[in-house]
Amino acid sequence: MSDSTSTPFLKLVAQNFYHEQLLKQKNAILIFPNKRMIAYFRKYLAETIGKSEISPIIYTIDTFIREHIKTVVADKLTLIFELFDAYKTAVPQFNQSLDQFYNYADTLLGDFNELDNYLISVDMIFTNIKNITELSNSYDFLSDEQIEILQQFWAYFNQNKLSNDKEKYLQIWDAIPKIYQQFKKQLLIKNIAYSGMQLRLFYEKLMTEYFIQKKYYLVGFNALNEAHLRIFEIMGKNGNLQIYWDTDDYYVNNQIQEAGLFLRKNIKRLMAYSIQLPETDNIRHKIKHIETYSIPGRVAQAQFMAGLLNKIPDENNIGIILPDEKMLFPILHNMPSKTRRYNITMGYPFKNTQIFQFLTSFFKLHQYRIELISQKEFPFQSYYLKQIIDNPEIKKIINKVDNEFYNRVKTNTKRINPATLNTKNQSFLSHLFNTHTSTENFINSLREILYTLFSEQKTNELNSQNIESEFIIQSYNTVNRLGEQLQRPDITLLMAIKICFQEINSLSIPFDGEKLDQVQIMGLMESRSIDFDYVVLIDANEGILPNVSNPNSFIPQMIRKAFGMPVTAYQDAIFAYLFYRLLQKSKKTYILYNSLEISNGKAEKSRYLNQIEFELGVNSPQQTLFKIQSFPESNIIIENNPEIRQKLASYLSRSPQNSSKKISTTFIHQFLKCKLAFFFKYVAGLKAEEDEEFDALSGKDIGQMLHNSLHKSYLQLKGNSHIILKPDSLNILRSHIDSIVDNELLSQYQLDTIDQISGDQKLSADIVKKYAEIVFKFDTQNANPIEIIDMEASYKYSWPVEINIEEEAYFVNFSGIFDRVDKAEYTRIIDYKTGNTEKSFIAINQLFSAEEKNLSKYKEIFQIVLYSVIYYKSTGVMPVPLIYDVRKMGKNFDPHIYKSGIQYDAKSILEDLETIEYELKELLSRIFHPATAFSQTDEIKNCEYCDFKQICKR
């Protein structure tokens, strides 16, 4: 095994190009994938040839194509408008509005771009083939495997009778070629294009024009689409192309290594034009120092990175690689004060800033105002209104212009009449909360808001604030452009707001520094073909590395695969190449991954780390568990004390008859889940901030609304004293459910009329009605009849549980809210559930276990079994526990729970009663024991939706 010293790839190219090519070919042109590679190549070439030599002409592939195709790439919104006009011309019978078309225009535009990138005939791919013989004849240029894939796809549509959805899909499918042809015709007339169209035009130009003025050198290309490959083949056949591939034998020669997927195919097709460079076997046969670190949290990773920089000798160049751009600010904030100079080469999305969070709330506030507008008022939803005034950047300005305004809004209800806000004399506030009636009026207000925000930002000299200012400038320029583009008569105010939001949402600041300082901070894509002595790869988590998504497309995966278009495996291969590329030439590589749950990834290391540990053998990386010093070495612990014991004493009494605060299964479950959260809720009395989100009900809200609606529906069956459910009760229940659910929704959001309900709210209400219908059907089909004894019985039944604390007897008043108690052949206790529910367990001790897998899996069984015991202790009747998990209540639905595969009925519970009482008393004694301390859970998953996660910084 040789030492770890390697020559950077771009330096090898510069040396080879100079010694072998430059002196012979004075008309040489080099083409690179991106500008960053060009900067490094120029540096190495200058080191090789000195300052006196003339540098060759250099392009990126995009600028090279645009140099030869004079059409201008238009912005996306212009292209969408042109696409809609083409759509109206090509298929006028569809008669869709621009607002409706806009929802999928971006998808259609993306498909056209890919079809051109891969030189695929739109007529061929969107031909409606229903006859297998016709399929084989029409696609004879495809392989047998590709033909088989297409046959499988079209067999889905070869039925005699098609559903409405299939018919509609085929109508759109058949129309796409017409739309495509009309669209390109319009663009050519206006001399504009999209990038794929430019590439196809260049290929078509090469097919008809001789192209041999220069000698072209391609450097560092990996994933080439079909258009690129055919363009390069034509250039090569004309004798004017040579290619420098950036490869390593480790992944190129291994046929199953995904990192070499594209290179193997490209080198095979373009082998005749390839230049052989030395040092192509670095990963396996040069000493590799690779260390991986599991670190809890993104800030902790940034802090650890700072420590690594302090240990690396000054003469080395360093690459800090960020697969997720969200890590940029934590990295910048933690750069060591005495560090070398650094340069940033990556984009930072606007959506990660506070200003964007404000704009999101602002757009949604006005979007919902328009959607919910009535003839008498223009209501604002206070959820978004409060988000706006709570934004730190807006709060500063509001407090300057009207320091009482904030409190007035915070104390208001869920709907606020703009007339009551009194903003007429305050310019900034009036622009924020103007009841806009035209697009022009809205755009003008948005300009004024952005100008005020920029003026405020100018007074702040922090680096991050300068970035915010840059985004405000970009937003302002975008709004100015949109002010002209949105003048079309077919654009409504609501659509204008939607377009403004989407256009600003896509903004990103390109940090594209040219400095080649010793520390380079860059994204994974920007790191292509750039070699560092030391690499620090951050956030190497599964879900981030690779970050694979399925983009929207009208072209199904089966069709894409048959025609050689990109599928998910392509994205995997690109990420794999970029990862292994980092290892090729580095002296030492540090790989950090987040051990905490993250929103766009998993709390586990990337699959690539497992691969190199397994595949590199003796070079296996060192796995080190690391805890950053700023994090506590142990959990937060609140020790018990007299004050805590006094508060807990309110739940205890000396006799079963004495009144004390009642506890429920939720009380016990919270203690098992996290003792610290239990302390915050039941001892300290802290409450989570109410979630006032209104555009759709949460799962919890839907569940509560279903409970309330079922309760009120069954009350319609009440006679003189009893509620009797009979087989013929279904129509009675159906006749009331719509009005009951609608009234529940009005009550939930403090609305006056059904006209004020938004589309999302209506959708949530429809879900509740559907669930109720499912329950009604099941009940009436099984009613012989059924007598409903109680519903939503709020702590009506209780059980004074005797426990022992330090040899003293106490009673705990154990109770609950039962969804329903009824009687058919036997007494039953029923729990309605709208989520996923487990109804099978093995042993009682599982229900009382603090293990995370048991807590989440058996929560519903734990609750219904204890409810049965409470009812038995109160009445002397042991009911059968049933769970109505409404999403599963189809044919052959079974509401019973099972223990070890046997139905768990009243007799079963009585047999287990002694064990249940023992487990419960033991657990309650632990909760109330003076020695009990309240610490954080060890299960990080329990923290994800905790009401108190901000307090303990999990």
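**View 1. Helices α28 and α35 cross with their axes within 10 Å of each other.** In this predicted model, α28 covers residues 665-673 and α35 covers residues 859-875, and the two cross at roughly 140°. (Axes are lines fitted to C-alpha atoms, for helices over the stretch in contact, with angles from 0 to 180 degrees between N-to-C directions; helices are DSSP runs of H or I with at least four residues, strands are E runs of at least two, and both are numbered from the N terminus.) That angle makes the pair oblique, the label for whatever is left once under 35 degrees is called roughly parallel, over 145 roughly antiparallel and 65 to 115 roughly perpendicular. The crossing is right-handed, meaning that the near helix is turned clockwise from the far one by less than a right angle, with anticlockwise being left-handed. From α28, the contact draws on T665, I668 and H669; from α35, on K859, F862, Q863, L866 and Y867. Contact here means heavy atoms within 4.5 Å. Sorted by class, the α28 and α35 contact has four nonpolar, three polar and one charged residues. (Nonpolar is Ala, Val, Leu, Ile, Met, Phe, Trp, Tyr, Cys and Pro; charged is Asp, Glu, Lys and Arg; the others, Gly among them, are polar.)

**View 2. Helices α3 and α10 meet in a left-handed crossing.** Here α3 (residues 61-68) and α10 (residues 195-208) have axes that come within 10 Å and cross at roughly 60°. So α3 is oblique to α10. F64, I65, R66 and H68 of α3 touch Q198, L199, F202 and K205 of α10. That contact splits into four nonpolar, two polar and two charged residues.

**View 3. I591 sits in strand β16.** The strand runs over residues 588-594. Buried or exposed, which is I591? I591 is buried, with a relative accessible area of 0%; buried is under 20%, exposed over 50% and partly exposed in between, using a 1.4 Å probe and protein chains only. Setting aside neighbours within four places in sequence, I591 is in contact with I290, E291, T292, Y293, L537, A540, F579, L609 and I612. M305 is 286 residues away along the chain, yet its C-alpha atom is 10.0 Å from that of I591.

**Notes for every view.** Residues are numbered from 1 along each chain as its sequence is written, and side-chain values use heavy atoms, leaving out hydrogens and water. As the model is predicted, local features need pLDDT of at least 70 and side-chain atom pairs count only at pLDDT 80 or more, while totals for chains, interfaces and linings use all residues.
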